[in-house]
Amino acid sequence: MEKLFVSSWCDGETVPENYVFPPGLRPGDNLYPKSDIVVPIIDLGKLHGSDRSSIVTQIMEACKEFGVFQVINHGVSRETMDETRRMFSEFFKLPVEDKSKLISWDQDIVFGLFTSNYNYHEEKIHYWRDVFTQKCHPLDECIPYWPQKPDGYREIIKEYSVNMTELGSRILEVISEGLGIEPGYFGKELSQDTKVTVNHYPPCPDPSLTFGTSKHNDSSLLTILMQGHGNVSGLQYCQDGQCTTVDPSPDALVVFLGHIMKIVSNGKLKTAEHQSVTNKNEARESSAFFMSPTKDCVIEPVKALITPENPPLFKSLTFKEFMKAHNANRIIKENPNDVVKTFIIEA
Ligand code: OGA
Ligand code: NI
């Protein structure tokens, strides 16, 4: 079992065959590409002042054009961010004996530590990452199942979780305002299921051959990604086959729109395709806070956006049904966008 984690077997010299992506589908030598696309950085501190309408416009433009933006002055203190990064980082440094007790691939469990991906046992090629997911809702019911080590983990991650939920809710309010739909529309079942996925990408002897996570769109409504401490790049945003590196900045958080936002907005807003590569010399870490619908929530385009000129582009489905299709697609590992295509109503 201790040989399961990339961080425990990696010898610093070789990339095993079952981590090597086929030529044409691997990162190649251009590991930190820069395209003409610039992921906008939006100052949320100005949401309360006279610049409010300009900030709402910036957010909506980013949602329509990219499905991703970064936020600064977002109200989450640097201290909370740094302490959270430190906790996640120290968690992965715990002795294997401590971590082995927490291994699980069950997607319904509150806390599960695994490697590569949920479909590790079916996939032919693995991702170069150790990872855990941790449910955050309902918070007080989840906390007793969170790790007790490192010291202070539960307290600090509770604070992070509360902060992320508040920030996500504020951003969702702006998006509902920008779309001209009822305030609070996103606030209930559509975003209530919160969880964090923490990625640890150990140093990789040859990052050109393998991915930390290959191209995907999140299954969430909204994701808030915090890149790790230090200066290790690896995240890429991709559009129309072109990828651009989103360099880490210690104060910024990256906001991604997931598949669900595209469906609910009836295609008015984009969902961001993204991937991450590994680094030769240093480990990279990131935490993705996902805001997703509850299992029985019906996912469909907002009725207020449907007119004879704008008929619904997507079928109604429960989130449970959506996830079934999404997971099947992940096992086949085809174009991640196929999962959205399966829900398009054919004319
Ligand atoms: C994710 C993700 C990217 C990164 O966890 O969904 O896209 O930078 N992570 O680690
Ligand atoms: Ni993602």
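I began with Ser161, which sits in helix α6 (residues 153-179). The helices here are DSSP runs of H or I with at least four residues, strands are runs of E with at least two, and both are numbered from the N terminus. The model is predicted, so I note that local features need pLDDT of at least 70, side-chain atom pairs count only at pLDDT 80 or more, and totals for chains, interfaces and linings use all residues. Residues are numbered from 1 along each chain as its sequence is written, chains are lettered from A and ligands numbered from 1 in the order in which they are written, and side-chain values use heavy atoms, with hydrogens and water left out.

**Entry 1: Ser161**

I looked up the burial of Ser161 and found a relative accessible area of 1%, so Ser161 is buried. Buried means under 20% relative accessible area, exposed means over 50%, and partly exposed is in between (1.4 Å probe, protein chains only). I then listed the contacts of Ser161, leaving aside neighbours within four places in sequence: Cys136, Leu139, Trp146 and Phe289. Contact means heavy atoms within 4.5 Å.

**Entry 2: ligand 1**

Which residues are around ligand 1? I noted Asn199, Tyr201, His216, Asp218, Leu225, Leu235, His274, Ser276, Arg284, Ser286, Ala288 and Phe290. A residue is near a molecule or strand if one of its heavy atoms lies within 4 Å of it. By class, I recorded five nonpolar, five polar and two charged residues in this shell. In that scheme Ala, Val, Leu, Ile, Met, Phe, Trp, Tyr, Cys and Pro are nonpolar, Asp, Glu, Lys and Arg are charged, and the others, Gly among them, are polar.

I went on to the polar contacts, meaning pairs of N or O atoms within 3.5 Å; within protein, one must be able to donate a hydrogen and the other to accept it, and residues adjacent in sequence count only if both atoms are side-chain atoms. Asn199 has a polar side-chain atom 3.1 Å from an oxygen atom of ligand 1. For His216, a side-chain N or O atom is 3.1 Å from an oxygen atom of the ligand. For His274, the value for a side-chain N or O atom and a ligand oxygen is 2.9 Å.

Taken alone, ligand 1 exposes 290 Å², and the protein buries 96% of that. These areas come from the Shrake-Rupley method with a 1.4 Å probe; for residues, only the protein chains shown count as cover. I also checked which elements give two or more residues to the shell: β5 (193-201), β11 (273-277) and β12 (284-292). The most come from β12, with four residues.

**Entry 3: cysteines**

A disulfide is a covalent bond between the sulfur atoms of two cysteines. The criterion I used is a pair of cysteine sulfur atoms within 2.5 Å. I counted one disulfide by this rule. The disulfide joins Cys238 to Cys243, with 2.3 Å from S to S. Why is the disulfide of Cys238 and Cys243 right-handed? The torsion about the S-S bond is about 105°. I found both Cys238 and Cys243 buried.

I then checked two other cysteines. The closest cysteine sulfur to that of Cys142 is in Cys136 at 6.7 Å, too far for a bond. Cys142 is buried at 3% relative accessibility. For Cys297, the closest cysteine sulfur is in Cys142 at 18 Å, also too far for a bond. Cys297 is buried as well, with a relative accessible area of 10%.

**Entry 4: Ile263**

I located Ile263 in helix α7 (residues 259-264). Ile263 counts as buried, at 2% relative accessibility. Beyond neighbours within four places in sequence, Ile263 is in contact with Ile299, Glu300, Pro301, Phe314, Phe322 and Phe343. I also took the C-alpha separation of Ile263 and Lys135, which are 128 residues apart along the chain: 24 Å.

**Entry 5: backbone**

Most residues other than glycine have a negative phi, and most peptide bonds are trans. I looked for exceptions. The peptide bond from His137 to Pro138 is cis, with omega near -10°. Pro138 is in the loop between β4 (130-135) and α5 (139-142). The bond from Lys149 to Pro150 is cis too, with omega near -10°, and Pro150 is in the loop between α5 and α6.

Asn73 has a positive phi, near 50°, and lies in the loop between β2 (68-72) and α3 (78-92). Asn266 also has a positive phi, of about 55°. I placed Asn266 in the loop between α7 and β11, where Asn266 counts as buried at 8% relative accessibility.
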